[in-house]
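Hello,

Please find below the structure I said I would pass on. My notes follow it.

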Amino acid sequence: MLNDSINSLNPEQKKAVLTTEGPLLILAGAGSGKTRVLTHRIAYLIEQGVRPYNILAITFTNKAAREMKERVCAITPEGDDVWVSTFHSSCVRILRREADKMGYDSRFSIYDADDSERLIREILKGMNISDKVLKPSSVLAEISAQKDKLIGPEKYAKLTEKDFRLKKISDIYTAYQKHLKSNNAMDFDDLIYVCTELFRTRPDVLEKWQDRFRYILVDEYQDTNASQYRLVSMLAQKYGNLCVVGDDDQSIYGWRGADIRNILDFEKDFKDTVVIRLEQNYRSGANILNAANAVIKNNVMRKTKTLRTAAGAGNMLHFYRARSDIEESAFIAEKIAEGVSHGGRYSDYAILYRNNSLSRVLEEGLIRAGIPYRLFGGVRFYGRREIMDILSYLKAICNPGDDMPIRRIINVPKRGIGDTTVAKLAEAAEENGISFYTALLSADAVPSLKGKTKQLEKFAELLVDLRDKAESESVSELIEDILDDTGYRSELEKENTDEARGRLENLQELVNKAVEYEQDNENADLAGFLEEVALVADVDAYTDNADTAVLMTLHSSKGLEFPTVFIAAFEEGIFPGFRAITSGKASDMEEERRLCYVGITRAKEELYFTSARERMQYGSRVANLPSRFLEEIPPDIVEHLSDDRAATENRRSFAYGANRVRPKPVNSYRMPEPKQAVTDFGPGDKVRHIKFGIGTVAAMEEKRDGSFEITVDFDNMGRRTVNSAFANLKKV
DNA sequence: TTACTATGGATTTTT
DNA sequence: TCCATAGTAA
């Protein structure tokens, strides 16, 4: 059965499956069936007598890991014993067993990005540095970048001696790392970093794990950073059976430390590497592939690779330039409605955009047209305030030695313990060399906190009480208790707003997740739940079984495919983004181009690029030119829906290209206020609306932007208020 | 301590 | 525009 399955692969895929020994680099173009290859490869290894236990498969998302595991298990039951997990969870699993060798307790907690940033703020405050001078997020980014490059605090200090600003960051880095260590905590980067340190300093431990993982596979290899690369190469050193799969053209996380050289230089780093190119695309029509190939061809930093397809030309691509962002969203909504009315499903449609702030106007268009949709990204579920609050309670209960979570929730809900009190407590803790929690328990001994003893005692009691309950209760029960005992739930219920109701729903969802976790894990405990929660992302929740259109950023769309794709706001200054245009670095523009390539190759049948002549951005009206990437696509495969020659001409004369004249930032050009929307009707007149039919105008109100809010009593739809800027009412 | 107003800043975010 | 944070008044 496995043999039949392997025989149905194309020659390159087959070779990739059968080449089991030695270093192997698989350059897998978009839609070339790489997951199929990987799963077959694992199954084949097992069939060849490799123990599943000796195989490690690394993916970037939990979702990918889950899917791969399922697919392997579908071929062979033994697949269940293969380690399929993300870099981070693999490292956690290793470190839980080896933590003591690196001076950590095996119950170390994991800081997510928010925890880390809060800690940085804390340190900045302690060092009396304004967060205007050094932005916590950029400090964190710098520290993260160093860890990714395996540069520890000491080494960084040496490197930055001469630069005043960097010297400061170096001090913060040192303090940050010290805090993590003393709180028995690791941030995301540490998970990898500490693991590599462990392997570097303890050859005996390394060898143990080398013997364990004789066959290693890494997916999305183009997205690995230096530390991940180091980790993998150390593990693979002894047996040399390292298979990496990636597509340099889909490297879109360079800004997060992903080092494209990992893939470009793989052959240099691993002698006798076998390179296999999967260029046969099974996803899209030829026009779409040609567009993708044509765009990516403009990048210099890449391994040459051209996608082929056996499919026919397929449909033309479409470009539409609307008058405004609102009209653009209306166009997209209309196209979806049209498609669905011809028998399509909402879930056939994906709307992709460069950044999250663009989602709102697009959503509004869908809402107006009554199209069901789901939005991915934006605020992460686990990033929501109410979720983080309750998780902080859980963390405080689980690991009271960690100050951060307690400090977060000490006054949530409000219980009269303010910043000054917290600062005093922290000081007392510092002076006595005890944890914040211990200081809290004996707060009555601190004279300066006299007036607050009552509140502090009550809070301490609450925590002790909850810790007690945690001993005997399941995680979900504990969450319920936290919600009740702290008054968190009743507070939200009292608020009685839509927002509060939404928060309550989210909290219920958190309880559900806990229940799910308990059902899935035999030895479920609080620490395990927190770990799981720390290492999941929202995209992990994406499923295609709901019949709704999907909105997400281009970044999140990687790895997915849809019959019809809209790439919205395809404009200079947005995509490519303002920063990539002005930075002058060719590599920035190349990454934008790869993102464009990713977007294009998500489409199976139809691909629309949409843009607007002017749009609201940051509160003001801006006019952007169509994206330069549009001109990189052969014109004969793009249908211009807006018959907009003038704009195209305009673009031609615009000197662009980061390597030539640096263009004026397009965002700085402000459009004059629009002409007053002309209407030839007024209250009492009969009008026709494209969707709502005939009605009588009841009222008209001029808006600041010159358009009109028009209230109409429709014969069939009742009273509706529409805006003249997009409603297109006609007098009858 | 909290609740209000002014101000400034604003990609992308697999873990 | 919309958000988070800093500063100020009660």
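**The nonpolar cores**

Leaving aside residues up to four places away in sequence, I351 touches I332, I336, L362, L366, V550, L551, M552, F566 and A568, where contact means heavy atoms within 4.5 Å. I351 is also among the residues with the most contacts inside the largest nonpolar core, which has 59 residues; I336, I567, F575, I600, L607 and F609 are the others named. A nonpolar core here is a set of buried Ala, Val, Leu, Ile, Met, Phe, Trp, Tyr and Cys residues joined through side-chain atoms within 4.5 Å. Buried means under 20% relative accessible area, exposed means over 50%, and partly exposed is in between, with a 1.4 Å probe and protein chains only. A second, separate core has 48 residues, including F381, Y393, Y488 and V533.

Before the rest, some notes on the basis. This is a predicted model, in which local features need pLDDT of at least 70 and side-chain atom pairs count only at pLDDT 80 or more, while totals for chains, interfaces and linings use all residues. Residues are numbered from 1 along each chain as its sequence is written, chains are lettered from A and ligands numbered from 1 in the order in which they are written, and side-chain values use heavy atoms, with hydrogens and water left out.

**The sheet**

Six strands form an open sheet with parallel pairing, in the order β3-β2-β6-β7-β1-β8. Helices (H or I, at least four residues) and strands (E, at least two) are DSSP runs numbered from the N terminus, and two strands pair if DSSP finds at least two bridges between them. At the edges stand β3 (83–86) and β8 (274–278), each with a single partner strand, so one side of each has no neighbour in the sheet. From one strand to the next the twist averages 15 degrees; axes are lines fitted to C-alpha atoms, for helices over the stretch in contact, and angles run from 0 to 180 degrees between N-to-C directions.

Strand β2 (residues 55–59) pairs with β6 in the parallel sense over four bridges, and L56 has I216 in β6 as its bridge partner. Helix α2 (residues 11–18) packs on the sheet, where it touches β1 (24–28) and β8, and its direction makes about 145 degrees with that of β8. Helix α4 (residues 62–75) lies across β2 and β3 and runs at about 165 degrees to β3.

**Aromatic rings**

There are 17 aromatic pairs in the structure. Rings of Phe, Tyr and Trp (its six-membered ring) pair if their centres lie within 6.5 Å; planes under 30 degrees apart count as stacked, over 60 as edge-to-face and the rest as tilted. Y221 and F266 are edge-to-face, because their ring centres are 5.6 Å apart and their planes stand at 85 degrees. This pair links distant parts of the chain, 45 residues apart: Y221 is in the loop between β6 (215–218) and α12 (226–236), and F266 is in helix α14 (residues 266–269). Y221 is buried at 1% relative accessibility, and F266 is buried at 0%.

The rings of Y253 and W255 are tilted, because their centres lie 5.7 Å apart with planes at 40 degrees. Y253 is partly exposed at 24%, while W255 is exposed at 57%. One aromatic cluster is formed by Y320, F331, Y349, F566 and Y608.

Regards
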